[in-house]
Amino acid sequence: MADEATSNSKAVANAHSHGEAGASAGTAVIASDAVQNPGLPPHRKRVTDLNPKRAKRAERTVYTLFYISVAGSLGSMLAYMFFPIESGELWQIRLSTLFIGLGMALALLAIGVGAVHWGKALMADHESIDVRHPVASDEETREASSEIFKIADEESGFTRRTLVRNSLLGALIAFPIPGITLLRGLAPQDQDPVTLLKHTLWDKGVRLARDHGGAAVGAPIRAAEVTIGSVFHVVPENLANAEDVLNEKAKAIVLLMRLDPSDLKVSEERKDWSYDGIVAYSKVCTHVGCPVALNEQHTHHLLCPCHQSQFDVSDEAKVVFGPAKRPLPQLPITVDDEGYLVAQSDFHEPVGPSFWERLK
Amino acid sequence: MTLSQKKAGKSGRRHPLATVALVAIGLLVTGAAYTGFSQTSATAEVDWPTFSQDESNITAGEKLFGANCATCHGLEAEGTDDGPSLIGAGAASVNFQVGTGRMPLAFQGPQGMVKPKQFSEEETLQLAAYVASLAPGPDLPDAKYLDGSGDVSTGGTLFRINCAMCHNVAGAGGALTEGKWAPPLTGVAPTHIYEAMVTGPQNMPVFNDANITPQEKSDIISYLKYLEEKPAVGGLTLGSLGPVAEGLFIWIIGLGAVIAFTVWVTAKSN
């Protein structure tokens, strides 16, 4: 039988010859000391099979677990009734959710544990072998199905009418295009996204104001209020009038610090960008845009909490550690007639992480 | 087989959960005792304006300073290579640094840390009076800002804008660079929170009264005290440390439980 099968199909042959001596000619190595199949280990009976008392105990455990589940379900319902959230006090919410959740967890867990324990300890304990069959269909079925494909091809003319076929393929390829086009709708419609990324609300004469959270803008900051070692979280004063407040704020946030002027290393072209030791830097990390605001007064380091980039405020916010590649952009500031800090211009480079058109 | 198992069942006098219960009781007792011991009263019972003007207190402070601080800060508090000048540091700075046990430093390191206090409250205030007498500086806060009666909502907003990036949104503290850290703010006396904002101790920046007004500082303190007292609705906070602690918990305890169940489900019953 094995020889006959070999001549017909290799897959079938392999399956048939499994466990027999008839490996295909040429590749067979007859090992004289081949490992003998040890067979199955002897069947070991469970204590519940041997000892009726233990079986009884396992049965008790299983139904007790199911009763516990019932108790959990009812308990959860009772918890809802007896721990109502009426006054809105936080401890009430905590009690309510805690006991409802505990009841539900107990209900489901006890069903699961009970069912598994039932199956393992009490249900019949047979060991049997399921023999694995070849995956491939027999020759006859395979020929029949390939015949069906041939007939379908002839009758539809899929390979003969090439124009029809190719136009169908074209239609299928064209179908997803509208979906891709619609992505454009996610970007601002009437403005160029690149211009939006490159410019912020800062401009000549815009006062530096305190960040009061969300869209709120606090009072503008006077230079005299910024004592040495101070740090202010700053937004442009005109933020409140902006059309898209939170998007504009996300680009324009600034950290204002005053250092001892003798600690500052200032390059020639940035000589008038600071005011008496007061410096302002973009708070948006140049790595992936987290707010960099962990400011150390004496080391003058700014730490980004997301990926541990560190910037040296005393040295024009140069990167001293971490994945960021560029210094934080500096906002050139000065003081107006009334003593308030104002911007001299927008940032001289785009804030935040890189984008393709950044340097164009 | 059944006999030996019966024997084992009888001889096991201790309940299997006894160890767990014992550990739990031990932890509870230790925790309770620790909380009891670490309660510090930082409220100044003395009348500070008269106390700080009293010559005898300033002299006593000067003596304490000479004996305990002058090695690093200089005999006239003018500063040395090992410690900054304290002229103009103010009473608030001294009360914070000495009152929390940070000063005198145990050793030179990235950051002075909280230790058991080395001076009594009176001695701390005498030191503060001496340093305050050298030059004007931030004074001790007014008691009306420290009673936690401020606006919790405003305090929360200000805390998230100015403090949360280092001290964590729940005031649980966090890591800084090169071995420094922002300490947790739970269990810190209102006086010390206020003084830290005004003086900017160690690497913390200064939040002067023009930046955050005394009333706003009081709001922030109220918010922190509210955070401390309110029950955690979400259950176990794991120190409110965020994704690291929560991830560690779920990877070890959560996944451990899943693996234990899998082993149990697939193991052959005996």
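This is a predicted model: local features need pLDDT of at least 70, side-chain atom pairs count only at pLDDT 80 or more; totals for chains, interfaces and linings use all residues.
Local features are taken at pLDDT of at least 70 and side-chain atom pairs at pLDDT 80 or more, while totals for chains, interfaces and linings use all residues. Residues are numbered from 1 along each chain as its sequence is written, and chains are lettered from A and ligands numbered from 1 in the order in which they are written.

**View 1. The largest nonpolar core.** A nonpolar core is a set of buried Ala, Val, Leu, Ile, Met, Phe, Trp, Tyr and Cys residues joined through C-beta atoms within 7 Å. A residue is buried if 20 or more other C-beta atoms lie within 10 Å of its own, exposed if 12 or fewer, and partly exposed in between, with C-beta atoms placed from the backbone. The largest core holds 90 residues, and those touching the most other members are A:Leu208, A:Val234, A:Val254, A:Leu256, A:Ala280, A:Tyr281 and B:Val131. Helix α7 of chain B, residues 121-134, gives the most to this core, with seven residues. Helices (H or I, at least four residues) and strands (E, at least two) are DSSP runs, numbered from the N terminus.

**View 2. The surroundings of A:Val234.** Two residues are in contact if their C-beta atoms, placed from the backbone, lie within 7 Å. Not counting residues up to four places away in sequence, A:Val234 touches A:Leu208, A:Ala209, A:Arg210, A:Asp211, A:Ile221, A:Val254, A:Leu255, A:Leu256 and A:Ala280.

**View 3. Helix α6 of chain B.** This helix spans residues 90-99; ten of its ten residues are buried, so it is largely enclosed by the rest of the structure. Among the buried residues are B:Val94, B:Phe96 and B:Val98. The buried residues pack against α3 (48-53), α7 and α10 of chain B. After α6(B) comes B:Gly101, with a positive phi near 85°.

**View 4. The crossing of α6(B) and α10(B).** The axes of these two helices come within 9 Å and cross at roughly 125°. Axes are lines fitted to C-alpha atoms, for helices over the stretch in contact, and angles run from 0 to 180 degrees between N-to-C directions. That angle makes α6(B) oblique to α10(B); angles under 35 degrees count as roughly parallel, over 145 as roughly antiparallel, 65 to 115 as roughly perpendicular and the rest as oblique. The crossing is left-handed, a term used if the near helix is turned anticlockwise from the far one by less than a right angle, with right-handed used if clockwise. On the α6(B) side the contact is made by B:Gly90, B:Ala92, B:Ser93, B:Asn95, B:Phe96 and B:Gly99, and these meet B:Thr191, B:His192, B:Glu195, B:Ala196, B:Val198 and B:Thr199 of α10(B). Four of the contact residues are nonpolar, seven polar and one charged. In this division Ala, Val, Leu, Ile, Met, Phe, Trp, Tyr, Cys and Pro count as nonpolar, Asp, Glu, Lys and Arg as charged, and the others, Gly among them, as polar.

**View 5. Helix α10 of chain B and its packing on α11(B).** Ten of the ten residues of α10(B) are buried, and the helix is mostly covered. Its buried residues pack against α6 and α11 of chain B. Helix α10(B), residues 190-199, and helix α11(B), residues 214-229, pack at an angle of about 135°, with their axes 10 Å apart. The two helices are therefore oblique to each other, and the crossing is right-handed. B:Pro190, B:Ile193, B:Tyr194 and B:Met197 of α10(B) make the contact with B:Lys217, B:Ile221 and B:Leu224 of α11(B). Six of these residues are nonpolar, none is polar and one is charged. Just after α10(B), B:Gly200 has a positive phi of about 60°.

**View 6. B:Ser222 in helix α11 of chain B.** B:Ser222 counts as buried, with 23 C-beta neighbours inside 10 Å. B:Gly148 is 74 residues away from B:Ser222 in sequence, yet the two are 4.1 Å apart in space, C-alpha to C-alpha. Leaving aside neighbours within four places in sequence, B:Ser222 is in contact with B:Gly148, B:Ser149, B:Gly150, B:Asp151, B:Val152 and B:Gly155.

**View 7. A:Gly289 in a loop of chain A.** The loop lies between β5 (278-282) and β6 (294-295). A:Gly289 has 15 C-beta neighbours inside 10 Å and counts as partly exposed. Not counting residues up to four places away in sequence, A:Gly289 touches A:Val284, A:Gly352 and A:Pro353.
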